[in-house]
Each structure stands twice: as C-alpha cells, then as structure tokens.
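Please open the structure in a viewer and keep a selection tool at hand.

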Amino acid sequence: MKVLILYNQVDSIEKGETRDLISAQGVAIAARAVEEALRPQHEVVCLPVALDLLGVVTDYDPAEWVVFNLLEGLGNRPDLEPEAAAILQGLGYRYTGSTPESIALCLDKARTKRLLESRGIPTPAYQVCARGNIEVSVPLPAIVKPIAEDASLGVDDGAVVTTSDQLRERVRYVVDAYREPALVEEFIIGREFNVAMWGNGEPECLPLAEIDFSGFADPLRRIVSYAAKWEPDRAEYHLTPVTCPAEVAPHLAERIRSVAIASYRAAGCRGYARVDMRVRDEEPYVLEVNPNPDISPDAGFPRAALAAGYPYPEMVERILHFAAEQG
C-alpha cells in the first residue's frame with residue numbers, strides 16, 4: 001500500500017502559554033513512530049504541513065495513496081484541524097481517523113456535551129463563560145478550561161476553583177490567554193478512566209485505563225494537568241501513573257464501556273478515538289470525546305492497544321486498515 005503520513009509543523013504558537021509549544025510539537029514524534037512502523041510493509045512518505053495542505057499533497061494521487069492523517073491543525077492553527085480533514089475528503093483521499101464533522105464537533109467541548117445530554121449520556125453540569133458572562137450556576141468545586149483546546153492546555157493547579165472569586169479570576173485567565181470562552185464544569189470527585197476505542201462500524205473497546213491519583217492527598221488536585229502530561233521535570237508528571245488494564249468491578253467496567261460506545265457513536269467517531277470520564281457513585285460522567293487521539297509510542301492509546309495484544313506496529317497497521325476500508 002502507498003501511505004502518505006501527514007502531520008502539522010508547529011514552529012510557534014499565537015496564544016496560550018509558551019510551554020504549550022511542547023505538546024503542539026509532539027505530533028512530529030507520532031509521525032516518526034508511525035513511519036517506522038509502516039515502512040517495512042508499505043511504500044511510505046512522511047511530510048510536515050504548514051498552512052498549504054493542497055500544495056503538499058498535489059503530487060500524490062488519491063486513487064493510489066492512503067493518508068495517515070496526523071494533522072492536529074494546519075501549521076500553528078489547531079482550529080483548522082476539521083478543515084484539514086475536509087480538504088483530504090474533498091480531494092477523494094481515504095484517510096485515517098474521523099470525519100471533519102466529528103472533529104469539529106469534539107473540538108467544541110460545550111457542543112459535544114450538549115449532544116451527549118441530548119442522547120441521555122451522563123456528563124458533568126457545565127456553563128460557557130466569556131469575559132462578560134461569569135454569573136455561573138454550576139455547582140462548586142468546578143474546573144475551568146478553554147472550550148476548544150486539547151492536550152490539557154490551560155489546565156494547571158489553578159484550574160479547579162472552590163469560590164466565586166476564584167472562578168471569575170480563572171475565567172478571565174482562560175479568555176485572556178487562550179482568546180476563547182471558558183468551559184466551567186462541575187468537578188467530579190472520583191475515579192478517572194479513559195477508554196481507547198476503534199472501528200468504523202461497531203466500535204471495539206480496548207482495555208480500560210485508570211489514572212492513579214493516590215499520590216495526591218487533596219482530591220481537588222487529582223487532575224490530569226498540562227504538567228502531568230507533558231513536563232517530566234514536574235512532580236505531577238510522576239504522580240499520575242496509569243493502570244491498564246484498570247482494576248475495576250465487572251459491572252462498573254461494563255457500564256463504562258457502554259457509555260464510551262454510546263459517546264463514540266453519538267460523536268460520529270470513525271477509525272479510532274478515546275473517551276475520558278470520571279466515575280461518581282458508580283455512574284460514569286463523560287468529560288471529553290477525543291477523535292484521532294495522540295498515538296505517540298508512550299501515549300494512552302498505544303498503551304491500551306498493547307494491553308489488548310497489539311504491539312505498536314500492529315496497532316498502526318490496524319488503524320491504517322480502518323482507513324483502507326473506506327473504499
């Protein structure tokens with residue numbers, strides 16, 4: 001098979017914190033790992049993309065090439081991730097991962113939560129706040145985060161608030177730093193799971209993963225912050241290990257899987273995705289649905305795939321297979 005691996009090249013960021021560049025550039029690591037995994041079996045070209053996606057793909061016939069789509073935007077514009085998939089689709093490429101519509105939906109956390117609610121899928125109470133709108137009815141404690149960012153951008157020790165003053169201050173921070181509204185969400189004190197899933201029709205759940213927060217005495221610090229994901233020199237990075245397969249009672253595991261499958265379907269996910277949730281009183285509450293999640297070798301999706309018996313090259317091959325099935 002001829003495989004064109006595409007990833008967005010990020011040299012700088014226009015909003016947020018300077019350190020956010022670490023996660024933005026992480027997609028290049030995934031691209032190199034995918035290239036290494038596929039090269040023994042396929043003809044592979046791996047290319048970075050700035051803003052001109054059309055110029056990059058012009059020499060690759062959609063009838064011959066399948067795209068391994070690792071584009072998390074175009075250049076340093078993460079908001080253009082749906083547009084990148086739309087361009088590939090419009091040109092007639094088969095490509096890995098979800099459709100532009102699904103990506104656009106899940107990029108907007110509030111829109112995703114509205115859809116989940118409409119389908120009867122539990123999600124924490126929430127409210128969208130811009131600078132002039134910080135009268136909040138969400139129960140405290142609450143967690144405040146940018147409405148349209150992933151990779152835990154904007155989530156640090158100040159993200160969980162317990163007073164109205166803290167909430168207002170945090171909303172202002174998010175709006176100023178990330179130039180977008182803030183999502184204020186009820187903070188669920190409980191266990192946190194993520195469910196890696198794949199498939200084009202009936203999705204298959206990979207083994208459940210649980211974040212181990214036992215290193216934090218304060219339950220309000222039990223979050224997967226930006227430091228916990230991306231900064232090895234920070235204590236949080238080492239205090240949030242993951243157990244996969246998670247140790248969970250069979251009845252709860254079945255409930256978590258059923259909620260994850262319902263979320264995957266509701267969001268129109270395809271290929272592969274990850275659903276993040278917290279459990280309170282035996283009820284899973286969906287935090288986010290993540291189409292095309294990080295598949296860097298040390299990320300959560302490959303960890304779950306390995307627990308299911310798929311080493312990294314086999315995982316990558318299977319994701320490619322889902323794309324090839326498109327026709």
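In which loop does Arg234 lie? Select Arg234 to begin: this residue is in the loop between helix 8 (226-230) and helix 9 (235-238). The model on display is a predicted one.

**Stop 1: Arg234**

Arg234 has a relative accessible area of 31% and therefore counts as partly exposed, since that class covers the range between under 20% (buried) and over 50% (exposed). Display its contacts next. Setting aside the neighbours within four places in sequence, Arg234 is in contact with Arg19 and Ala227.

**Stop 2: the parallel sheet**

Select strand 1 (residues 2-8) and strand 3 (residues 65-70), which run parallel and are joined by 6 bridges. Lys2 stands opposite Trp65 in strand 3, and Leu4 has Val67 of strand 3 as its bridge partner.

What is the order of the strands in the open sheet? The sheet has 4 strands in the order 2-1-3-4, with parallel pairing. Strand 2 (43-49) and strand 4 (94-95) stand at its edges; each has a single partner strand, so one side of each is left without a neighbour in the sheet. Select helix 12 (residues 312-324) as well: this helix packs on the sheet, where it touches strand 1, strand 3 and strand 4. The direction of helix 12 makes about 120 degrees with that of strand 3.

Return to strand 1 and colour it by accessibility. Of its 7 residues, 6 are buried, so strand 1 is largely enclosed by the rest of the structure. When inspecting the side chains, bear in mind that in a regular strand they alternate between the two faces of the sheet.

**Stop 3: the cavity**

How many cavities of 30 Å³ or more does the structure hold? There is 1. The largest cavity has a volume of about 80 Å³. To display its lining, select Val27, Ala30, Asn69, Leu70, Leu71, Glu72, Glu81, Tyr272, Asn292, Pro293, Asp294 and Ile295. Helix 2 (27-38) and strand 3 are the elements that give two or more residues to this lining. Colouring the lining by class shows 7 nonpolar, 2 polar and 3 charged residues.

**Stop 4: backbone features**

Most residues other than glycine have a negative phi, and most peptide bonds are trans. The following selections depart from one or the other of these patterns.

Select Ala151, in the loop between strand 6 and strand 7 (160-161). Phi of Ala151 is near 60 degrees, a positive value in a residue other than glycine. Ala151 has a relative accessible area of 17%, so it is buried.

Continue to Ser152, which lies in the loop between strand 6 and strand 7. Its phi is also positive, near 65 degrees. Is Ser152 buried or exposed? With a relative accessible area of 13%, Ser152 is buried. Beyond the residues up to four places away in sequence, Ser152 touches Val224, Ser225, Tyr226 and Lys229.

Next, select Leu140 and Pro141, which are joined by a cis peptide bond with omega of about 5 degrees. Pro141 is in the loop between strand 5 (126-129) and strand 6 (142-146).

The peptide bond from Cys244 to Pro245 is cis, and its omega is near 5 degrees. Pro245 is placed in the loop between strand 12 (242-243) and helix 10 (250-266).

How values were computed
Residues are numbered from 1 along each chain as its sequence is written. This is a predicted model: local features need pLDDT of at least 70, side-chain atom pairs count only at pLDDT 80 or more; totals for chains, interfaces and linings use all residues. Side-chain values use heavy atoms; hydrogens and water are left out. Buried means under 20% relative accessible area, exposed over 50%, partly exposed in between (1.4 Å probe, protein chains only). Two strands pair if DSSP finds at least two bridges between them. Contact means heavy atoms within 4.5 Å. Axes are lines fitted to C-alpha atoms, for helices over the stretch in contact, and angles run from 0 to 180 degrees between N-to-C directions. On a 1 Å grid over the protein atoms alone, a cavity is a set of points where a 1.4 Å probe fits but cannot get out, and a pocket is an open set with protein on both sides within 12 Å along at least five of seven lines; lining residues have an atom within 4 Å of a point. Grid points are joined across faces, edges and corners, and a volume is the space filled by probe spheres set on the points. Ala, Val, Leu, Ile, Met, Phe, Trp, Tyr, Cys and Pro count as nonpolar, Asp, Glu, Lys and Arg as charged, and the others, Gly among them, as polar.
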